Amino acid sequence: MLAAVENKPVSVETKPVLRVEGLKAYYQMNYFGVRREVRAVDDVSLTINRNEIYGIAGESSSGKSSLIKTIAGAITPPLRVVEGSVKFDFGGKELDVYAQRPAMKAARWKHLSYVMQGSMNVLNPVRKVKHAFHDFAFKHMGLREGEFRARVESHLQRIGLDPRVLESYPHQLSGGMRQRLTIGLATVCEPEFIIADEPTTALDVLVQQDVLALIKGVQQRMGSSIIFVTHDMTVHAAIADRIGIVYAGRLVEEGPTLDVFQRPQHPYTAHLIASLPRIGDTRKRVALPGKPPNLADPPSGCRFHPRCPLAVDKCKSENPPLLARNSGRVACWRAGEVEAA
Amino acid sequence: MTALLELEDVNKDYRVGGFLDRSTLHAVKHVSFTLDAEKPEIFTVVGESGSGKTTTARMILGNETPTSGTLRFMGKDIAAVRTRKERLEFMSRVQPIFQNPFEAFNPLTTLDYYLFSTARRFLGLKDKAAVEAATDKSLQHVGLSLAEVRGRYSHELSGGQLQRIAVARALIPGPKLIVADEPVSMVDASLRMSIVNLFRELRDTLGVSIIYITHDLSTAYYISDRVIIMHKGDVVEAGRAEDVLGNPTHEYSRALRSAVLPPDPVVASAIIREKLRAL
């Protein structure tokens, strides 16, 4: 009996809430007859379960923002989906982001919402905060004015904000409060799926933990799933259930957070984790040589091979597939060997 | 001991507000510290936004004058630098590195222009070959070469490489002190360590002292010799990095220290769960 009591409620539905299959999204440009193609998302497949926080890590220009934009169906040319599909499962109804446009539009914010990075850029500086809530959420909730206002106020109270902030302008609030507001904005409709793009990067260190706890709390209460994007591995360590590592537009490793940190299988992941500075440890950290690859002209074979300490000839010519290994998946020809090194 | 840089009870006030609600903001209050000329070190100023750390840096660079107190560089009051010649002399000894390398370089100008003009201005070089030799030498110190940088624009390089070029530019005049204001906050985590390691190397091989301004306690612990923690303009704690960051005594520094998430999923997720319970 006691064994059944776990951290997470055992979900009856085993169907994942999001399935991405073989997704390829390229920036395609055609200037004066010269074609350029930037492969920002290249053959990514992943599934996200209900009630899960999935962390996506990777350096800037690795394509992680393009990936989540493509998942949210929020892309504009020159970024185009070339191949593959993104399918959500909201309450048993399957929704293909790129095949069912009108249904997707209706689902947005009600089922799928977005927490953006710069809170100052989300809230209009010359309008009161209440208008932002009205613009974003009113249409989707189907409530009358008064009920809507009451719902928003009680929601803000639950995330630790005084309802009076609705009557203030964004510049009157602190950075932490504004970030709380954008989280409130994204969760007021209680969506099943939230995409969070670097929600804590612009915050002062002292409020970072509170905001992370808030996100985790909201997620647990609503039982929703979150894709959490940041390049800060310590944030992933704190709240992600699973982590996916993106390098040069490809998913190179994926697994439960604890396993990724303790037994990284891809050399890039191993490097990311080994280079994290810790207080109480001044041992010299080795920085990765070279620079991030140019996605308009990526290296052949495995895209990490020019910077990889374990690269062999095969890595230069053949692209390693993402295969299941131990508790996760990894795309590396020498996957086992990092653990020993 | 001869002092390289001496701050003596430095204060900086700003007048804020309009005509009717004018008030004074004390950005920096009673800051004093000394850097030794013979023993180059990495001196770190830690603080949140609004703590006065950038104002302190601007005063050291001579861009702001203190409201009261004195800053002396190699025995000379920075506020007394008046003539063009003195200013040039001072600037060749104290060089800045800025936060965002993408903003520090004009996107329409090739990067070598910055390096060449610095060499011409501070070293007084006229001859093209000599300018290029000086530039190449300082690029070698940061692990690059002129051949890699010549004719490139800022968008062609990564943030880490640009920040290295910013360091190389600062090294051309042969400075004694580099003031680096949040040099890694815009750089990716994977490239951050290469910049931080570079500072350590400059201290050891070239004998340059570095004032490293940051809000990131983990890199501060990793490279600093001495640390001061600033809070709302006050220095709340100062001392060796191991003591201040490993064993903080002031309330604010303890709060800062505990706000750092350890890169360990077991400990970090426990901290978040604890916070969640408190909410």
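## Ground rules

Two residues are in contact if their C-beta atoms, placed from the backbone, lie within 7 Å. This is a predicted model, in which local features need pLDDT of at least 70 and side-chain atom pairs count only at pLDDT 80 or more, while totals for chains, interfaces and linings use all residues. Residues are numbered from 1 along each chain as its sequence is written, and chains are lettered from A and ligands numbered from 1 in the order in which they are written.

## Where the chains meet

Chain A brings 37 residues to the contact and chain B brings 36 residues. Helices H8 (189-206), H9 (217-223), H10 (241-246), H11 (251-258) and H12 (265-278) of chain B each supply at least two residues of the side that touches chain A. H12(B) gives the largest share, eight residues.

That side of chain B holds 21 nonpolar residues, 11 polar and four charged. Here Ala, Val, Leu, Ile, Met, Phe, Trp, Tyr, Cys and Pro count as nonpolar, Asp, Glu, Lys and Arg as charged, and the others, Gly among them, as polar.

## The sheet in chain A

Four strands (DSSP runs of E, at least two residues) form an open sheet in chain A, in the order E2-E1-E4-E5. The pairing is antiparallel; two strands pair if DSSP finds at least two bridges between them. E2 (34-48) and E5 (93-96) of chain A each have a single partner strand, so one side of each lacks a neighbour in the sheet.

Strand E1 (residues 18-31) of chain A is joined to E2(A) by 11 bridges. A:Val20 has A:Leu46, in E2(A), as its bridge partner.
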